[in-house]
Amino acid sequence: MAVRPVQRTSLVEGAVAELRRLLAAEHWPVGARLPGEVELSRLLGVGRSTGREAVRSLIASGQLRSQQGSGTYVVSTAPVEEFDRGLRRAAVADVYEVRIALEVEAGRLAAIRRTDEDAAVLGELLAERSAACSDADLVDADLRLHHAVVAAAHNPVLAQVFDSFLGALRVAARDAVADGDVHGGPGGGDARAHEDLVAAIVAGDPQAAEEATRRNLEKALERLRG
């Protein structure tokens, strides 16, 4: 059996490992912008080229993303699985198409199965979404609300599939808002769609919940395609 000698870890690999440690510790939480190239390299104690390569490695792996003219942002504080990396590289419109399929059914089931506790949580999150003051806050509040809708469906498989899409949904929603593609919020252009969705779930009306979800997300998809 031929065994190759273990190679000393390169500076780039060491910088990648340290960045991953800092991300896991949420030194920079999801959505945070990393320091610029010069400052980040200084913090890591490496040259600019080494720091640049380490950041590129984490962009390729899906933990970071680069936004032209703005900087590098944290997408995930944990290593990203291959499936999730594929989702994060997908076109925003493609992500929204799958989102519609998942969330229309989630809204329908939530209207049938929601508990009083679910209804209370949805009301609180709807208020938080309405009170959001920045694009980043709006995206996060919007996804918390939609996550609660999926939870109210009380289908563990549906919840697991939706959770696997959360990272990609967050990136897609932030990009859509930043580019001005989606007005009235990252979920869609109909200002009343979220209120109608929550009202339908609380009222136990699955058809109305389906219609509100579809109206919300299809309006967003139309604008993204346009």
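Modeller: The side chains of His-194 and His-146 are joined by a polar contact of 3.1 Å. (A polar contact is a pair of N or O atoms within 3.5 Å; within protein, one must be able to donate a hydrogen and the other to accept it, and residues adjacent in sequence count only if both atoms are side-chain atoms.) This is a predicted model: local features need pLDDT of at least 70 and side-chain atom pairs pLDDT 80 or more, while totals for chains, interfaces and linings use all residues. Residues are numbered from 1 along each chain as its sequence is written, and side-chain values use heavy atoms, with hydrogens and water left out.

His-194 has a second polar contact, 3.3 Å, with the side chain of Asn-216. His-194 sits in helix H9, residues 193–203. (Helices are DSSP runs of H or I with at least four residues, strands are runs of E with at least two, and both are numbered from the N terminus.) Is His-194 buried or exposed? Its relative accessibility is 2%, so His-194 counts as buried. (Buried means under 20% relative accessible area, exposed over 50%, partly exposed in between, with a 1.4 Å probe and protein chains only.)

Now the partner. His-146 is one of the buried residues of H7. Others in that set include Leu-138, Val-139, Asp-142, Leu-145 and Val-149. An α-helix has 3.6 residues a turn, so residues three or four places apart point the same way. H7 covers residues 135–152. Its 18 residues should span 26 Å at 1.5 Å a residue, and its end C-alpha atoms are 26 Å apart, so the two values agree. (The expected span is 1.5 Å times one less than the number of residues.)

Both ends of H7 have something to show. At the start, a side-chain oxygen of Ser-134 comes within 3.2 Å of the backbone nitrogen of Asp-137. Just after the helix, His-154 takes a positive phi of about 55 degrees, although His-154 is not a glycine. His-154 lies in the loop between H7 and H8. It counts as partly exposed because its relative accessibility is 41%.

Back to His-146, from another side. Glu-103 is in contact with His-146, and also with Phe-162, Thr-213 and Leu-217, leaving aside neighbours within four places in sequence. (Contact means heavy atoms within 4.5 Å.) Glu-103 belongs to helix H5, residues 92–113. With a relative accessible area of 4%, Glu-103 is buried. Its side chain makes a 2.5 Å polar contact with the side chain of Arg-99.

H8 runs over residues 156–178 and gives four residues to the lining of the largest cavity, the largest share. (A cavity is a set of points on a 1 Å grid over the protein atoms alone where a 1.4 Å probe fits but cannot get out; lining residues have an atom within 4 Å of a point.) The lining is Arg-65, Val-74, Val-75, Gly-167, Arg-170, Val-171 and Arg-174. The space inside comes to about 30 Å³. (Grid points are joined across faces, edges and corners, and the volume is the space filled by probe spheres set on the points.) The structure has one cavity of 30 Å³ or more.

Away from this region, look at the H1 end. Ala-24 is in helix H1. With a relative accessible area of 54%, Ala-24 is exposed. Glu-26 lies in the loop between H1 (11–24) and H2 (37–44). Glu-26 has a positive phi of about 60 degrees and is not a glycine. Pro-29 is in the loop between H1 and H2. Its C-alpha atom is 6.8 Å from that of Thr-77, 48 residues apart along the chain. Pro-29 counts as partly exposed because its relative accessible area is 38%.

Last, the whole chain. It has ten helices and two strands, in the order α-α-α-β-β-α-α-α-α-α-α-α from the N terminus. Of its 226 residues, 42% are buried. Among contacts between residues at least 6 apart in sequence, 69% join residues at least 24 apart.

Key
1 Å grid on protein atoms, 1.4 Å probe; cavity = no way out; pocket = protein on both sides within 12 Å on 5 of 7 lines; lining within 4 Å.
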